[in-house]
Amino acid sequence: MHTPLWRPAIGLSLFGLLGTGLLYTVLATGIAGTLFPAQADGSLIRDADGTVRGSSLLAQPFVGDGYFQARPSAAGYDPMAAAGSNLARSNPELARRVAEATAAAAARERVAPAQVPDDLVTASASGLDPQLSPEAARLQVARVARARGWPPQRVQALLEDQLQDLQWGVFGQPRVNVVALNRALDAAAHAP
């Protein structure tokens, strides 16, 4: 007697759908939520009353001289439109944008254009990178201190507390999360 070929095909399809599509997903999500609850929830930043103010993984625009500025965003800081500019280094439009951003950053920070680090004037690949190099953050200390009426040493100390070393001591570069740093500034302003 010959077994129809459709029975094993349906059985394998159901196993694949239920096994990998449902069971694996539920298991992986449950384990991730248990072991890494903050990360599984999106690394959300909440106020004391529980209001979500953003994510530590996504850059946000900060308005005012009393805040550190993040990298420019080709996506307008919109996580639903995450993207780089896709302009080649040889594109005159990119050169114009970088020159304008450099001049604006130099004027804002009261330094020569040659002193402006690249990450203050170029967007990341996603357009949502919340980190800056320590050099780009340190360049902003004087402006933030002036705007807040604080001694520069106070702002510098908050910045140094937020420095992150290499990932696992090996990967990447030292960095500062601008979202976390600006939250630390606001917390220090409201501290007794």
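Helices here are DSSP runs of type H or I with at least four residues, numbered from the N terminus. The model is predicted.

**Exercise 1. How far apart in helix 3 are Arg96 and Glu93, in residues and in helical turns?**

Solution. 
- Step 1: Arg96 and Glu93 are three residues apart in helix 3.
- Step 2: That spacing is about one helical turn.
- Step 3: Arg96 forms a salt bridge with Glu93, and their closest N and O atoms are 2.4 Å apart. The cut-off for a salt bridge is 4 Å between a side-chain nitrogen of Lys or Arg and a carboxyl oxygen of Asp or Glu.
- Step 4: Arg96 has a relative accessible area of 38%, so Arg96 is partly exposed. Glu93 has 29%, so Glu93 is partly exposed too.

**Exercise 2. Which parts of the chain does the salt bridge between Glu109 and Arg143 tie together?**

Solution. 
- Step 1: Take the distance. The closest N and O atoms of Glu109 and Arg143 are 2.8 Å apart.
- Step 2: Glu109 lies in helix 3 and Arg143 in helix 5 (residues 141-148), so the pair ties together parts that are 34 residues apart in sequence.
- Step 3: Both Glu109 and Arg143 are buried.
- Step 4: Look for shared partners. One network of salt bridges joins Glu93, Arg96, Arg97 and Glu100.

**Exercise 3. Is Arg71 buried or exposed, and which residue is its salt-bridge partner?**

Solution. 
- Step 1: The partner of Arg71 is Asp129, with the closest N and O atoms 3.9 Å apart.
- Step 2: Locate both. Arg71 sits in the loop between strand 2 (52-55) and helix 3 (92-109), while Asp129 sits in the loop between helix 3 and strand 3 (131-132). The pair links distant parts of the chain, 58 residues apart.
- Step 3: Buried means under 20% relative accessible area. Arg71 has 16%, so Arg71 is buried. Asp129 has 22%, so Asp129 counts as partly exposed.
- Step 4: The structure holds nine salt bridges.

**Exercise 4. Which residues of helix 5 are buried, and what covers them?**

Solution. 
- Step 1: The buried residues are Val141, Arg143, Val144, Ala145 and Arg148.
- Step 2: Their cover includes helix 3, helix 4 (134-138), helix 6 (152-162) and helix 7 (178-190).
- Step 3: Look just past the end of helix 5. There Gly149 takes a positive phi of about 70°.

**Exercise 5. Which strands stand at the edges of the open sheet?**

Solution. 
- Step 1: Read the order. Three strands run 3-5-4, with antiparallel pairing.
- Step 2: Strand 3 and strand 4 (163-164) each have a single partner strand, so one side of each is left without a neighbour in the sheet. These are the edge strands.
- Step 3: Follow one pairing. Two bridges join strand 4 to strand 5 (residues 175-177). Leu163 stands opposite Val176 in strand 5.
- Step 4: Helix 7 lies across strand 3 and strand 5, at about 60° to strand 5.

**Exercise 6. Is Asn182 buried or exposed, and is Leu17 buried or exposed?**

Solution. 
- Step 1: Asn182 is found in helix 7. Its relative accessible area is 0%, so Asn182 is buried.
- Step 2: Leaving aside neighbours within four places in sequence, Asn182 is in contact with Phe62, Tyr67 and Phe68.
- Step 3: Leu17 lies in helix 1 (residues 6-35). Its relative accessible area is 55%, so Leu17 is exposed.

Definitions and conventions. Residues are numbered from 1 along each chain as its sequence is written. This is a predicted model: local features need pLDDT of at least 70, side-chain atom pairs count only at pLDDT 80 or more; totals for chains, interfaces and linings use all residues. Side-chain values use heavy atoms; hydrogens and water are left out. Buried means under 20% relative accessible area, exposed over 50%, partly exposed in between (1.4 Å probe, protein chains only). Contact means heavy atoms within 4.5 Å. Two strands pair if DSSP finds at least two bridges between them. Axes are lines fitted to C-alpha atoms, for helices over the stretch in contact, and angles run from 0 to 180 degrees between N-to-C directions.
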